[in-house]
Amino acid sequence: LEPENTVFFRQAPQAIDAGVFHNDVIASGNRDLLFVHEDALLDQARSLDVLRERFTRRCGGELRVVEVSRDALPIEHAVDTYLFNCQIVEVADGGTAWIGPVECRDHPGTAALLDELAGAKGPFDSLHYVDLRESMLNGGGPACLRLRVVMDEAQRAASHAGVFFDDSLHRRLVEVIERHYRETLDPADLADPGLIDEARAALEAVTEALGLQSLYDPAGA
């Protein structure tokens, strides 16, 4: 990373104490929009000023900061519902969509806040709630799926076709899961030498489903 395009901030101690293990639990963004809680960073006002200045210098525009106050939503509630551990995307009509877990819809405070943010003057044009309860219970959340790469048609055409998700790939991956993945895993299973062979076989099956080269056999044999 180029130093002039890089800034480092410290998370606020109260955020860490509330369970913020990654910054994506307390902040999210897309393009020129930063969605962040008031208690996310140490010396947040100064940090945001630095970020605004660096954004303008690098991108030539103005950073829009939507800062949720602790009065509007305590940080503990933001962490419990994974409000900021979300996807913020620009949709085909140019609007901005917020995509997050159903926990946000089911929590009165978070739901009311999102309804305000999706109002006429808010940053979001639409809200989409997704049931990610299994992922949430395993310590993951929507941001675990946040990585996305914007591509034009030529770039997509030049990419490996097997990694683009469609109904056929979905069926192949489901078959891999049903064939290779255990329903349960107990501590005692970790002492089973066969477990690593199962894991490798599962990974090989995934690469085959995606049409990718073998991870364990560079020649693909």
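Which residues of helix 9 are buried? The legends below take up this question after an overview.

**View 1. Overview of the predicted model.** This is a predicted model, in which local features need pLDDT of at least 70, side-chain atom pairs count only at pLDDT 80 or more, and totals for chains, interfaces and linings use all residues. Residues are numbered from 1 along each chain as its sequence is written, and side-chain values use heavy atoms, leaving out hydrogens and water. The protein has nine helices and six strands (DSSP runs numbered from the N terminus: helices are H or I with at least four residues, strands are E with at least two). Its C-alpha trace spans about 55 × 45 × 35 Å along the principal axes.

**View 2. Helix 9 and its cover.** Helix 9 comprises 17 residues, 194-210. The buried residues of helix 9 are L195, A202, A205, T207, A209 and L210 (buried means under 20% relative accessible area, with a 1.4 Å probe and protein chains only). Helix 8 (167-180) is included in what covers them. After helix 9 comes G211, with a positive phi near 75 degrees.

View 3. Three strands form an open sheet in the order 4-5-6, with mixed pairing (two strands pair if DSSP finds at least two bridges between them). Strand 4 (87-90) and strand 6 (126-130) are at the edges with a single partner strand each, so one side of each lacks a neighbour in the sheet.

**View 4. The pairing of strands 5 and 6.** Strand 5 (residues 96-101) pairs with strand 6 in the parallel sense, over five bridges. Within this pair, A97 stands opposite S126 of strand 6.

How values were computed:
The expected span of a helix is 1.5 Å times one less than its number of residues. Buried means under 20% relative accessible area, exposed over 50%, partly exposed in between (1.4 Å probe, protein chains only). Contact means heavy atoms within 4.5 Å.
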